[in-house]
Amino acid sequence: MKSTLYYIVAEHLFCVESDESIAALLENYEPFRAAFTEAGQALFSLSVVNDGPVEYVEEWRQDEEGQETVCGHIGPDDSVFEFRWGGRSAGWLVCEAGYRIGTLHLSGFQTKAALDNSLMILFAMASACTGTVLFHSAVVSLDGRGYMFLGKSGTGKSTHARLWLQNIPGTELMNDDNPAVRIKSDGTAVVYGTPWSGKTPCYRNVSAPLGGIVLLSQAPYNRIVRLKGIGAYAAVVPSISGKRWDARIADGLHETENALATYIPVWHLDCLPDADAAHLCKDTIAL
Amino acid sequence: MKIKKGFVLRQVCGENVIVGEGLDAIDFGRMLCLNETAAWLWKKAMEAGDFTADGLAKALCDEYDVSPDQALADVKETISQWTELKVVE
């Protein structure tokens with residue numbers, strides 16, 4: 001029995017069409033469920049079917065901690081993303097119509113992870129030209145504003161967020177791994193919780209005006225400096241998901257990244273994993 | 001010479017920056033800041049496709065009030081930076 005479920009993330013509507021066994025895996029999306037009557041125009045739709053593999057031409061592959069994503073295409077307009085764990089395929093996402101229509105062809109292995117990856121990719125690509133970006137970041141809220149912590153895997157984004165929660169009263173975790181940010185029509189930036197949060201189950205349907213972005217580096221001391229212009233841009237870009245060799249996507253992402261680097265305070269924090277780092281950061285960036 | 005595939009001139013916070021975005025340039029991993037003249041030369045080189053130092057120097061003389069010798073020296077210096085950074089071939 002097929003069902004269609006609707007969700008709203010960062011004010012973007014999308015839908016997932018699948019059978020019940022797949023729908024049962026979408027628990028982390030529950031806080032983002034939308035009624036059908038609210039549906040309107042979806043940003044994208046994903047259909048899930050059990051008929052992998054898919055033949056395609058490979059363009060590029062990315063390996064991250066045993067998880068491999070292979071990007072390619074079928075025809076000139078259809079993009080393919082294959083997800084593998086330990087060399088074994090979990091599924092093939094075929095994207096059509098400028099990432100508005102996606103079909104995930106499952107292999108039966110790592111179904112949940114293939115589903116989450118597919119929805120993240122479709123969300124990031126389909127929204128790239130609407131002033132929306134999906135960040136790799138931990139984000140906390142304090143006094144009604146969101147503060148994002150960036151850094152390479154293993155730098156301590158989640159640790160620094162936890163230090164705020166433990167040491168700064170009023171802090172809440174909005175998302176631990178993949179928040180979305182949108183530039184609104186009035187030029188302000190808003191950060192949103194999403195159904196994707198890495199290893200921490202923090203799937204909160206919350207949003208806040210973005211108050212600052214902090215790039216973290218490990219150091220034997222705590223020090224924070226403001227980054228401006230190209231320095232701010234260079235800090236932000238590597239933390240944003242996208243397929244930059246697709247020129248249309250790259251243009252859309254660049255526009256958002258440039259707006260963030262221009263209007264949002266961006267900082268570089270050299271830090272220890274201690275309470276002083278959280279206090280220094282908070283006292284500097286949160287007004 | 002040619003600008004390698006995948007390199008794009010972007011306006012970042014009001015400055016001209018070369019970034020690697022294409023499949024062939026995705027591992028560039030840095031950003032190259034260009035002054036106004038270098039950015040102008042980049043656009044000309046892009047338009048030309050296959051470009052030479054002499055061709056760019058001539059274009060520079062036509063556009064700006066600069067002597068042919070000075071133009072050629074400037075162009076050669078800019079191209080040598082691009083060559084060093086491997087954004088041209």
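**Exercise 1. Work out whether A:G98 is buried, partly exposed or exposed, and where in chain A it lies.**

Step 1. The rule comes first: a residue is buried if 20 or more other C-beta atoms, placed from the backbone, lie within 10 Å of its own, exposed if 12 or fewer do, and partly exposed in between.

Step 2. A:G98 has 16 C-beta neighbours inside 10 Å, and therefore it counts as partly exposed.

Step 3. For the location, we use helices (DSSP runs of H or I, at least four residues) and strands (DSSP runs of E, at least two residues), numbered from the N terminus. A:G98 lies in the loop between β8 and β9 of chain A.

Step 4. A:G98 and A:L287 are 189 residues apart along the chain, and their C-alpha atoms are separated by 41 Å.

The model is predicted, so local features need pLDDT of at least 70 and side-chain atom pairs count only at pLDDT 80 or more, whereas totals for chains, interfaces and linings use all residues. Residues are numbered from 1 along each chain as its sequence is written, while chains are lettered from A and ligands numbered from 1 in the order in which they are written.

**Exercise 2. Describe the nine-stranded sheet of chain A and the helix that packs on it.**

Step 1. Two strands pair if DSSP finds at least two bridges between them. With mixed pairing, the nine strands form an open sheet in the order β3-β1-β2-β4-β9-β8-β7-β6-β5 of chain A.

Step 2. The edge strands, each of which pairs on one side only, are β3 (33–34) and β5 (57–64) of chain A.

Step 3. Strands β8 (residues 88–96) and β9 (residues 101–106) of chain A run antiparallel and are joined by six bridges; here A:C95 stands opposite A:G102 in β9(A).

Step 4. Helix α2(A) packs on this sheet, where it touches β1 (2–9), β2 (12–19), β4 (44–49), β7 (79–85), β8 and β9 of chain A. Its direction makes about 25° with that of β8(A), where axes are lines fitted to C-alpha atoms, for helices over the stretch in contact, and angles run from 0 to 180 degrees between N-to-C directions.

**Exercise 3. Find how the two domains of chain A meet.**

Step 1. An automatic or database domain assignment gives the bounds, and it divides chain A into domain 1 (2–130) and domain 2 (133–285).

Step 2. Taken over C-alpha atoms, the centres of these two domains of chain A are separated by 25 Å.

Step 3. Residues are in contact if their C-beta atoms, placed from the backbone, lie within 7 Å. The contact takes 15 residues from domain 1 of chain A and 18 residues from domain 2 of chain A.

Step 4. On the side of domain 1 of chain A that touches domain 2 of chain A, helix α2 (residues 111–127) of chain A gives the most, with five residues.

**Exercise 4. Outline chain B and say which of its elements touch chain A.**

Step 1. Chain B has three helices and three strands, and from the N terminus on its elements run β-β-β-α-α-α.

Step 2. The three strands form an open sheet in the order β1-β2-β3 of chain B, with antiparallel pairing. Six bridges pair β1(B) with β2(B), and B:V8 has B:V19 in β2(B) as its bridge partner.

Step 3. Of the 89 residues of chain B, 24% count as buried.

Step 4. In the contact between the chains, 12 residues of chain B meet 13 residues of chain A. The elements that give two or more residues to this side of chain B are β1 (7–12), β2 (15–20) and β3 (31–34) of chain B.
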